[in-house]
Amino acid sequence: MATEGLVRAGLRPESGAVAVFARRHRFHPLEALPWAAAIAAFALFPSYLPLGAQILATILFALSADLVLGYAGIVTLGHAAFFGTGAYTAGILAAHGWGEPISGLIAAALAAALVGLISGLVVLRTTGLTLLMQTLVVATLLHEAANKASALTGGDDGLQGMVVWPIFGLFRFDLFGRTAYVYCLVVLFLGWWTARQIAHSPFGRSLTGIRENVLRMHAIGAPVMRRRLVIYTFAAGLAGTAGALVAQTTQFVGLGFLGLERSGTVLIMLIIGGVGRLYGAFIGVPLYMIAQDRFSTIEPVYWYFWIGLLMVLVVVIARGGIFALIDRLRR
Amino acid sequence: MADALSAAISIGFHGLAFAMVLYLISVGLSVTMGMMGFVNLAHGVFAMLGGYVVTSLMGRHGVPFAAALAGAALVTAFGSVVVERLLYRPLYGGDDLDQVLLTMGLVFMSVAAATYLWGPMEQPMRPPRWLSGEIAIGPRGFPAYRSFLILSGAALVMVLWLGLERTRFGLKIRAAVDNLRMAQSVGINTSRLFTLTFALGSGLAGLGGGLGADLLAINPNFALDNLVYFLIVVAVGGLGSIRGPFVAALLIGIADTGFKYLLPELGAFVIYALTMVILLWRPRGLFGRA
Amino acid sequence: MNEGVAPLALETRALRKSFGALTVADAIDFRLERGARHALIGPNGAGKTSFVNLVTGALRPDSGEILIDGSAVTELAQSVRVKRGLARTFQVTALFRRLSALENVTLAIAEREGVAGDLARPAGRHRRVIEEAFALLEGLDLADDALRPVNMLAYGRQRLIEIAVALGLGPKVLLLDEPAAGVPSRETGLVAGVVERLPPDIAVLIIDHDMDLVFRLARRITVMVEGRILVEGPPEAIATDPEVRRVYLGERRRR
């Protein structure tokens, strides 16, 4: 990582260690790359903007999963529960007369955060398999609830009749996806900024401690449950925001937004890029979604074969994702 | 009143049949997870495989029922050994996330493989002629196949429990589940024990999948669709426990059947809520060890 | 409350704990003075680890009291006891594996200072915390490894970082659970040296088997057997005590 590079660059560790350590949060020029790429894509690929908007929203979703999984070390199979809650909140509002996107987004974030808080209180008391199980049960419970409440959610057919108003009354969601793209980009930027702040704060550092050795965290007097609950709730809100973005820009919400497949694929997208590095999402999500778009002519079922195979191979060969591979190559 | 009683008997009967299938499939998962601490989300794949073997052998090749069941158990047991040795073994004691990813990947692959081999439609289960129709118990008739399911399930459970209590092999299993390191230090070859236990558990799952083909639909999404149920049975029963999942399967089986019959608007929602409450009260499961 | 007499750094009164028929703590009355250099020894199964777990709060006693600096902590959770001045190291190194040595110690100091929950400012702005952490590592001759992930360091150095992390908590009582366990014998001296140089106002309790280490570091030794305290006293007295010999060496007499 950046610190090792500086150390190797000749800074004597004894004198510079504190300075190097204290500078970790500073912006590195490379961090501007994803945003430059996103802006360039807007100009260069005008016909791919709808896909681009989905990619940006999904990066936000994966980012929220990274906070939970990569930073706090909470292995969850139910992160889609929050994504879906946000999506359905924004969707139901838009389908029942309130199509204002920004307030819909905020409502979605709050609803998802609330679900995160309540489920976190139950789920985060446990560890290991029981924790994993509980996250899956929460997601399945919500999936079932959405299925049964079909009058509200559209059930199996999905939510129909969403009408999303123009942003600030000015920017209509057009067919080319320009508004959607910029909307998602701005929201992603804000979400990323906040996530980055948290990751570099003492709180964020203590999360990595919880991930690396929770026993030791208890032994230094850290309030582990409280910290996990805070990040879980925040990440849930962020995931809900991502869900709302997808709902508002595609004007559709389906049961799949809450399902195991969605929770599983966000994990795989994150793994491809690398967990716990904040930027894994920016690499893994576009790779996955662009590849999926390219292969969309193939039977979707066979796509799942290759993705499954990829997951198996990642575990067997390339643990840590692309970032870890880069690290290994550097050595 | 008679209606309520009749409904109760129906629910109890069908719930019990469902519970048997759930137990047969999940007990192997409980034991192997408890023994090696390996998060195996792909366990349902073996049950699915058993279901496909039975329905294919009987449906397409006219193989008699008993032989088809035996075939299912053997194929899944053998297949599981291959998977365990090649893929699972390097991950023992490792990161939970790795195990989750690997086994989820296998589940995804199984969906595609099943679609490719058998097509996307559900495989119909036609019970053999000597088990179709109804049998009369007292004033009522009960579906013969389900009755057979309950009886054979009970018999298998008895054999399993006796085997675990009375045989050397069973003793080794119980020792390894209880304290793996201790078992190793008294000379038990835990690596071989685990492969054998895994094969036994997967074979049972295959058998359960085959027997229960008309309760748990055999289609390519089997492993994904039913994952929650198997995990609930194991988590609520208690990892590593052999009797725990039986109680959990009974609870889940009867509650699920009951609620789907009495309150279909709620469906499985109650089961999930119930699971969360139980796990909140007893995070290690009803019969799990602290 | 005795007037004018400083309270004990750590005290247990009639501490009891049983697991069914197995009694791991049998009415233990233990006293650790301020600034003590005290060792707890005993054969395997004597209950030393259980005692540590009871004191830190990992285990709940069946009855009895635990006091840190004169105030009762028996009902308090582990993390609260840490805030009251109790720190421990683990027999098997429990560090934040992939984080650097500096990060490990910084996390502990941040908890102590109450800034670890800060969500707003970057961790780097809390300069004093980082400097204190670095100074601690320097004091233990670990400054060179400050930025390296701890799982890449030699095991002996990891044991020292364990102690640094515990020191970062600013403890009044420091429990060292087999500080030299797993360390190659040529490095044991390093660990012993570090323990010798610990600030005199910290009460140190070492739990260990290594008699050389114990006799070098302790001014007072408690011997535990089967959940009870057998005898307590200065090293010379313990070394020659026939009861202790019997417990450790059996009936065979040693020449």
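This is a predicted model: local features need pLDDT of at least 70, side-chain atom pairs count only at pLDDT 80 or more; totals for chains, interfaces and linings use all residues.
The expected span of a helix is 1.5 Å times one less than its number of residues, and that rule is applied below to one helix of chain B, helix H9. Of the two pairs of chains that touch, chains A and C have the most contacts between them, whereas chain B and chain C do not touch, their nearest C-alpha atoms being 13 Å apart.

**Helix H9 of chain B**

- Just after H9(B) comes Gly238(B), whose phi is positive, at about 115 degrees.

- When neighbours within four places in sequence are left aside, Phe108(B) is in contact with Tyr304(A), Ile307(A), Gly308(A) and Met311(A).
- Between Phe108(B) and Tyr52(B) there are 56 residues of separation in sequence, and their C-alpha atoms are 17 Å apart in space.
- Asp3(B) is found in helix H1 of chain B, which runs over residues 2-36, and this residue counts as exposed because it has 7 C-beta neighbours inside 10 Å, the limit for that label being 12 or fewer.
- Asp3(B) and Leu131(B) are 128 residues apart in sequence, and the distance between them in space is 27 Å, C-alpha to C-alpha.

**Chain A as a whole**

- Chain A has 16 helices and zero strands in its secondary structure.
- The radius of gyration of chain A is 20 Å, close to the 20 Å that the globule rule gives for 331 residues, so this chain is as compact as a globular protein of that length.
- Taken along the principal axes, the box that the C-alpha atoms of chain A fill is roughly 65 × 45 × 40 Å.
- Of the 331 residues in chain A, 56% are buried.
- Among the contacts in chain A with a separation of 6 or more, 77% are between residues 24 or more positions apart.

**Where chain A touches its partners**

- On the side facing chain B, 34 residues of chain A are in contact with 35 residues of chain B.
- Helix H7 (128-148), helix H13 (260-273) and helix H15 (300-316) of chain A each supply at least two residues to this side, and H7(A) gives the most, with 13 residues.
- By class, the residues of chain A that touch chain B are 23 nonpolar, seven polar and four charged.
- In the other pairing, 31 residues of chain A are in contact with 38 residues of chain C, and the helices of chain A that each supply at least two residues there include helix H1 (2-8), helix H2 (13-22) and helix H9 (178-200).
- The side of chain A that touches chain C is made up of 15 nonpolar, ten polar and six charged residues.

**Strands of chain C**

- Four strands of chain C form an open sheet in the order S2-S1-S4-S5, with antiparallel pairing.
- Strand S2 (22-32) and strand S5 (71-72) of chain C stand at the edges with a single partner strand each, so one side of each has no neighbour in the sheet.
- Strand S1 (residues 10-19) of chain C runs antiparallel to S2(C) and is joined to it by seven bridges, and within this pairing Thr12(C) has Phe30(C) as its bridge partner.
- Strand S3 (residues 37-41) of chain C is mostly covered, with four of its five residues buried.
- Four bridges join S3(C) to strand S8 (residues 203-207) of chain C in a parallel arrangement, and here His38(C) stands opposite Leu205(C).
- Four bridges also join S3(C) to strand S9 (residues 220-225) of chain C, again in parallel, and there Ala39(C) stands opposite Ile221(C).

Notes
Residues are numbered from 1 along each chain as its sequence is written. Chains are lettered from A and ligands numbered from 1 in the order in which they are written. Two residues are in contact if their C-beta atoms, placed from the backbone, lie within 7 Å. Ala, Val, Leu, Ile, Met, Phe, Trp, Tyr, Cys and Pro count as nonpolar, Asp, Glu, Lys and Arg as charged, and the others, Gly among them, as polar. Two strands pair if DSSP finds at least two bridges between them. A residue is buried if 20 or more other C-beta atoms lie within 10 Å of its own, exposed if 12 or fewer, and partly exposed in between; C-beta atoms are placed from the backbone. The radius of gyration is taken over C-alpha atoms; the globule rule is 2.2 Å times the number of residues to the power 0.38.
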